[in-house]
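Take a look at the model below.

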Amino acid sequence: MDHPMPSSESGKSSAPELRQLLTAVLEALDIPHPATVGDTQEHDRVLNDRAMHAAIALRNTLEGHPLGIEWTTSYLRERLAEHPPTSYSHYGTPRAGAGR
């Protein structure tokens, strides 16, 4: 299925707006790896929530959401803030008491 490219009010896509949206999508998906097997379930839950919101933002953009790319990007960033990758230990993060 072909989707019309999003457009600004002038009828042309805004490269900076698209870049900001793509940056937000990358931030949604590129979260730290879990430190342990025990952290995997929480990592996967957070990533799933963030991926869902990224997919919604991309779908809205491709379908020409009436509020535009800038609004969609802002909305995505707000949703990502609700699902930060801070509820699990990250790979490479020093653990309390490590090395003792």
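Guide: The model is predicted: local features need pLDDT of at least 70, side-chain atom pairs count only at pLDDT 80 or more, and totals for chains, interfaces and linings use all residues. Residues are numbered from 1 along each chain as its sequence is written, and side-chain values use heavy atoms, with hydrogens and water left out.

Visitor: Is His83 buried, partly exposed or exposed?

Guide: His83 sits in the segment after H3. Buried means under 20% relative accessible area, exposed over 50%, partly exposed in between (1.4 Å probe, protein chains only). The relative accessible area of His83 is 19%, so His83 is buried.

Visitor: With which side chain does the side chain of His83 make a polar contact?

Guide: Leaving out residues up to four places away in sequence, His83 touches Val46, Asp49, Arg50 and His53. Contact here means heavy atoms within 4.5 Å. A polar contact is a pair of N or O atoms within 3.5 Å; within protein, one must be able to donate a hydrogen and the other to accept it, and residues adjacent in sequence count only if both atoms are side-chain atoms. At 3.4 Å, the partner side chain is that of Asp49.

Visitor: What separates the C-alpha atoms of Thr36 and Tyr88?

Guide: Thr36 is in the loop between helix H1 (15–29) and helix H2 (37–62). Helices are DSSP runs (H or I, at least four residues), numbered from the N terminus. Thr36 and Tyr88 are 52 residues apart along the chain, and their C-alpha atoms are separated by 9.2 Å.

Methods. Helix = DSSP H or I, 4+ residues; strand = E, 2+ residues; numbered from the N terminus.
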